[in-house]
Amino acid sequence: MNLTEVGPITVAGYEYPVIYDTKYLIARGLFAEIDHVTSQIRIRDDVTTQVALQSLVHEITHAIEQTYLEGVSLDERVIAGFSQGWFQVL
């Protein structure tokens, strides 16, 4: 899946470029990851469009959490629930 036309994602004025880092993510057992230090969303390019987009929405939900709920630290299951709900709506 190629999401080059998607990025960068902007949350509260912070830009998160969407980059491909498949080897790194496979080694970590992940489909995608957000790095708040470098402000990047990493995603695999060897997954289906549905998995790529759902993973992207999941990482955007983490960006929203980091920006607007600093210090709250939502459980990963809560993030997954919200992101899956948003993905179905979108």
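1. A pocket, as the word is used in this note, is an open set of grid points with protein on both sides within 12 Å along at least five of seven lines. The structure discussed here is a predicted model, and in this model the largest pocket holds about 220 Å³ of space.

2. Which residues line the largest pocket? The lining is made up of Leu30, Phe31, Ala32, Val51, Gln54, Ser55, His58, Glu59, Glu76, Ala80, Ser83 and Gln84. Helices α2 (49-68) and α3 (76-89) each supply at least two residues of this lining, and α2 gives the most, with 5 residues. Sorted by class, the lining has 5 nonpolar, 5 polar and 2 charged residues.

3. The second largest pocket has about 160 Å³ of space, and its lining consists of Val57, Ile60, Thr61, Ile64, Glu65, Leu69, Leu74, Ile79, Phe82, Trp86 and Leu90. The elements that give two or more residues to the lining of this second largest pocket are α2 and α3. Here α2 gives the most, with 5 residues, while the classes of the lining residues come to 9 nonpolar, 1 polar and 1 charged.

4. Helix α3 deserves a separate look. The N-terminal end of α3 is capped by Asp75, a side-chain oxygen of which lies 2.7 Å from the backbone nitrogen of Arg77.

5. Turning to the strands, how many bridges join β4 to β5? Strand β4 (residues 32-35) is joined to β5 by 4 bridges, and the two strands run antiparallel. Within this pairing, Ala32 has Ile43 in β5 as its bridge partner; Ala32 is also among the residues that line the largest pocket. The hairpin of β4 and β5 has 4 residues between the strands, and in this hairpin Ser39 takes a positive phi near 55°.

6. Strand β5 (residues 40-43) also pairs with strand β3 (residues 18-20), in this case in the parallel sense and over 3 bridges. In that pairing, Ile19 stands opposite Arg42 in β5. A reader following the side chains along these strands may keep in mind that, in a regular strand, side chains alternate between the two faces of the sheet.

7. The last point concerns Glu15, which is found in strand β2 (residues 14-16). When residues up to four places away in sequence are not counted, Glu15 touches Pro8, Ile9, Thr10 and Ser39, and Ser39 is the residue with the positive phi in the hairpin of β4 and β5. Glu15 and Gln40 are 25 residues apart in sequence, yet their C-alpha atoms are 8.0 Å apart in space.

Definitions and conventions
Residues numbered from 1 in each chain as written. Predicted model: local features only at pLDDT ≥ 70, side-chain atom pairs only at ≥ 80, totals over all residues. Heavy atoms only, no water. Pairing = 2+ DSSP bridges. Contact = heavy atoms within 4.5 Å. 1 Å grid on protein atoms, 1.4 Å probe; cavity = no way out; pocket = protein on both sides within 12 Å on 5 of 7 lines; lining within 4 Å. Points joined across faces, edges and corners; volume = space filled by probe spheres on them. Nonpolar A, V, L, I, M, F, W, Y, C, P; charged D, E, K, R; others polar. Polar contact = N/O pair within 3.5 Å; in protein donor to acceptor, adjacent residues only side chain to side chain.
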